[in-house]
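Biologist: I'm new to this one. Can you walk me through it?
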Protein chains: 2
Amino acid sequence: MLPRRPLAWPAWLLRGAPGAAGSWGRPVGPLARRGCCSAPGTPEVPLTRERYPVRRLPFSTVSKQDLAAFERIVPGGVVTDPEALQAPNVDWLRTLRGCSKVLLRPRTSEEVSHILRHCHERNLAVNPQGGNTGMVGGSVPVFDEIILSTARMNRVLSFHSVSGPVRPRCFRPWASDVGVPLLLSPGAEADVPSGWLACARWGLGLTSPGAHWKPSAAAAWSLSAGILVCQAGCVLEELSRYVEERDFIMPLDLGAKGSCHIGGNVATNAGGLRFLRYGSLHGTVLGLEVVLADGTVLDCLTSLRKDNTGYDLKQLFIGSEGTLGIITTVSILCPPKPRAVNVAFLGCPGFAEVLQTFSTCKGMLGEILSAFEFMDAVCMQLVGRHLHLASPVQESPFYVLIETSGSNAGHDAEKLGHFLEHALGSGLVTDGTMATDQRKVKMLWALRERITEALSRDGYVYKYDLSLPVERLYDIVTDLRARLGPHAKHVVGYGHLGDGNLHLNVTAEAFSPSLLAALEPHVYEWTAGQQGSVSAEHGVGFRKRDVLGYSKPPGALQLMQQLKALLDPKGILNPYKTLPSQA
Amino acid sequence: MLPRRPLAWPAWLLRGAPGAAGSWGRPVGPLARRGCCSAPGTPEVPLTRERYPVRRLPFSTVSKQDLAAFERIVPGGVVTDPEALQAPNVDWLRTLRGCSKVLLRPRTSEEVSHILRHCHERNLAVNPQGGNTGMVGGSVPVFDEIILSTARMNRVLSFHSVSGPVRPRCFRPWASDVGVPLLLSPGAEADVPSGWLACARWGLGLTSPGAHWKPSAAAAWSLSAGILVCQAGCVLEELSRYVEERDFIMPLDLGAKGSCHIGGNVATNAGGLRFLRYGSLHGTVLGLEVVLADGTVLDCLTSLRKDNTGYDLKQLFIGSEGTLGIITTVSILCPPKPRAVNVAFLGCPGFAEVLQTFSTCKGMLGEILSAFEFMDAVCMQLVGRHLHLASPVQESPFYVLIETSGSNAGHDAEKLGHFLEHALGSGLVTDGTMATDQRKVKMLWALRERITEALSRDGYVYKYDLSLPVERLYDIVTDLRARLGPHAKHVVGYGHLGDGNLHLNVTAEAFSPSLLAALEPHVYEWTAGQQGSVSAEHGVGFRKRDVLGYSKPPGALQLMQQLKALLDPKGILNPYKTLPSQA
């Protein structure tokens, strides 16, 4: 059935970009990669230990014997070159800097296990690092912790488009370093490299060199649910591409997709742009393989939709930021790729209208609504100034981005048409544009996704990531503008309105203790007054560990400490992170 | 917009019930209440300790002083009458029986806390009990454990139809025993009883006697997300009714809804009939209040969609079956009530066609598919024989029940029409009926929901609840029929096909060790061979604790034991359950 457009939509909704195609934004392509922007010539980031009051814990320091042991465990994967260590010591926001002298690049869970066993015995601290795109300093060392990078653990282990369980309990490294994903989807054929333990529901078996492996065609009938099993270091955007080629999507998406690793996403319980529709990783992650502090490999790598055999241990590690174990393999549920995606980018005259637009569109778009994002006028100005993306709609105090994803283009267009007609007719929305083709969809999304990048180019950024009642969501932005006056360069608010999640950002020419004092604890107290969360989706890391008490009672913090002591009694995993420092 | 029916559907799809209305099933109304069927005259259930090899652990026994202490903590809530204790000592399946001599009926978390503090000090074992509808004997004592019933903790504490956080950190008992739910939804008014700490996003405050409390009308605009906060003992069906009156639904539904408690649902990580659409309780439960073994009240009762402030502790308790703590309050996300619900009940000529129907309907119904259940011909016969429900469609080897839930009746009818046209045209489906009105929808659902009840009337039931690859889901049923021959009365398969969850049931005139030996470990080994789960949604309880190893590796079982030791060092909470006995 062809998409129908049953209503007479205003012409401007269907117009292309103003002026020449692309004039309101350069082609997006792969988004700017986070973690790669420490261009030479930029001013040196101060050492974390010098800016913040933090004391090194009595861990051992890496000796020559340790380096030799690491070289035996990960031949060719031990980095000690000071220049190569600069970038992984600094966070993406360029506000924290550790002084690690060793970075390890394992390729398998087994290697991670050997590394941790050694570190545990030697009392060496370890800082796991994925794409290093975090906002709270969770992924960079504070002192000289060994950086354990998942960058070379970047292989797709299997993808199934049936419900079948895949339990790659163990696997051997590839002979070559080139990680070509092994495609195990039904009906496909794949050359399985020597030494690989083929893991699929139709059987396990160590393949012989060059074996040609063909799965049973009997399962080719079903395309109902996709289950991806991959190593922790796979880049989210690459996984998205991989599953989209197979007619599925990843259940999460975020601005840092071009760099962030799926293991880091799970370790930080990343929320992002699809949370509204597909929910939390606590629901979509089916299984994990985790290496514990002493090197034990914990196998919770089921791929079953339902499994109530005992405590759901994997949940412990989702959002624990590498402090309880290092996630090495992820099994995750992938929703079917929607047949129709529409994005509307609309201007609203005030925040009350943003709220009303949300409420209206929840009611009228129902099950096809897949994102509801908002940004204020200052965000749009900064995106324009620093990234040269022009607004596709008239200047407005607020903008919302609404995405629908559905299985029937005609039905979706009709629902969206009714909604837009209502939103326009009632004055909730004053201007807007719509996109259905992928290029324009990407360009509209870029306006929202690249705000973080634009802010980082605006100066030093004080970042807050709050959960608040939606109807009070923007009050703190207005409040801070009045409170800070000219001391701040910009105060902006944007985020995932549909999830009650505000990204509140304040920029200044440089870090200033007095501006910090004006912001904190005020922002946290204000949030606690609304019974909100001082970290909605960014996590705790190094930056927020001493403000947990605004959102969690002492009893909960105590149990967290007990869990840490149980799973990592020597405290070697990502120290100085997640848990309050005083305890 | 009026629902349209754009296609010429076969007349039989739209026909009413054959013969007089209701002839293929008596009006359903509230489903048969589980836990209430131990009619006098039924044969006595053997004591668990006599049928199974289990040894009482060295807990104290309840003394007169203990009873006096309990009476002080829960005045009028201490049950010691042997007759009143008969039902709560026996599980719903009437195959397990404990010999508890005390049942406590607290009304508040504070009372639960005082009870556990006392029991912890005195080394008294405690068996938490909700609706006592479990299938694995998790909710009844094995020996003389004190039964802690949540039956009087049945109050709705708040319901919000906005994203706002509700943190009833503490509350006092009602003056009267009559638990009228306190309605806190925007725009409504409520008389708040004396001593109640009104908890709502618009402020906290201890109310004065008889205070008349009126929430701000400013929030009345939004009906986008429902958040229910209630005590653990609320009956699921009553909660469903409560939120449906406010245009929302509970994210879970199950056959035992008329008796089961929400606290028990969360403690067992219940799956049920809406799992396919709304996912796991690990995703929909927003917060919990839990009383730990020593009486500590752990407050994780946030109502935020997103909260990454430290480890997500509530996850530990979801599915831990009361062995790590007793859930006293639940905060849960309620999806909007769908505007249109359609149910199709179809006959399929074989299991291959059932699978193909599932695959086709996932593709064609997409985001509106809310349930895909199947049952075999024997199930239908038993439902007819024992419950006098007649099949609404021609006799078929298999039946599927497909439910759609959406926001636009016309669009949904069109999608369903296309799907049915295809399913019929291609021979996947040979007969069927459809329902849109609530009465007929309920009657169709009853055929599927009441299978458990029909089986329990067929004799002694050996129950298995397996997660399997969908394409192998029915093989074990066929296999067992051949294997058991006339030793079994009936071997049936039904369940949540969309989640890969088979309910495999074998009935016999009475319990027989030789039949058990023919079934176990065969069923578990077969399941493990498919990398399936030996407990998909029913949990472990007493019955399955020694088969966990078929689905979980030793390292995971060891960590479970460590968590148990951390949270309940004396092991007083629901002993003999969930964890393997040998460890």
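Predicted model: local features only at pLDDT ≥ 70, side-chain atom pairs only at ≥ 80, totals over all residues.

Biologist: Where do Phe159(B) and Phe248(B) sit in the chain?
Modeller: Phe159(B) is in strand E5 (residues 156-160) of chain B, while Phe248(B) is in the loop between helix H6 (236-244) and helix H7 (262-267) of chain B.

Biologist: Switching to helices. What is used to describe two packed helices?
Modeller: The angle between their axes and the distance between the axes.

Biologist: At what angle do H11(B) and H13(B) cross?
Modeller: Helix H11 (residues 351-365) and helix H13 (residues 409-425), both of chain B, have axes that cross at roughly 150 degrees and come within 9 Å. That angle is over 145, so H11(B) is roughly antiparallel to H13(B). The crossing is right-handed.

Biologist: Which residues meet there?
Modeller: On the H11(B) side they are Thr357(B), Thr360(B), Cys361(B), Met364(B) and Leu365(B). From H13(B) come Lys415(B), Leu416(B), His418(B), Phe419(B) and His422(B). By type, the residues of this contact are five nonpolar, four polar and one charged.

Biologist: And what about H13(A) with H13(B), how do their axes lie?
Modeller: Helix H13 of chain A also spans residues 409-425, and its axis comes within 11 Å of that of H13(B), crossing at roughly 180 degrees. The two helices are therefore roughly antiparallel to each other.

Biologist: Which residues make that contact?
Modeller: His411(A), Glu414(A) and Lys415(A) from H13(A), with His411(B), Glu414(B) and Lys415(B) from H13(B). Four of the contact residues are charged and two are polar, with no nonpolar ones.

Biologist: Why is H12(B) called largely enclosed?
Modeller: Helix H12 of chain B covers residues 377-387, and eight of its eleven residues are buried, so the rest of the structure largely encloses it. The buried ones are Ala377(B), Val378(B), Cys379(B), Met380(B), Leu382(B), Val383(B), His386(B) and Leu387(B).

Biologist: What follows H12(B)?
Modeller: His388(B), which has a positive phi, near 60 degrees.

Biologist: Over to chain A as a whole. How many helices and strands are there in chain A?
Modeller: Chain A has 19 helices and 20 strands. It has 583 residues, of which 65% count as buried. Among its contacts with a separation of 6 or more, 77% are between residues 24 or more positions apart.

Biologist: Last one. Where is Leu567(A) found?
Modeller: Leu567(A) is in helix H19 (residues 554-567) of chain A. Its relative accessibility is 7%, so Leu567(A) counts as buried.

Biologist: What is Leu567(A) in contact with?
Modeller: Apart from neighbours within four places in sequence, Leu567(A) is in contact with Leu292(A), Ala293(A), Leu316(A), Phe317(A) and Leu324(A), and also with Leu559(B).

Biologist: How many Å apart are Leu567(A) and Leu67(A) in space?
Modeller: They are 26 Å apart, C-alpha to C-alpha, and 500 residues apart in sequence.

Notes. Residues numbered from 1 in each chain as written. Chains lettered and ligands numbered in written order. Heavy atoms only, no water. Axes fitted to C-alpha atoms, helices over the stretch in contact; angles between N-to-C directions. Helix = DSSP H or I, 4+ residues; strand = E, 2+ residues; numbered from the N terminus. Parallel < 35°, antiparallel > 145°, perpendicular 65-115°, else oblique. Left-handed = near helix turned anticlockwise from the far one by under 90°. Contact = heavy atoms within 4.5 Å. Nonpolar A, V, L, I, M, F, W, Y, C, P; charged D, E, K, R; others polar. Buried < 20%, exposed > 50% of the residue type's maximum accessible area, 1.4 Å probe, protein only.
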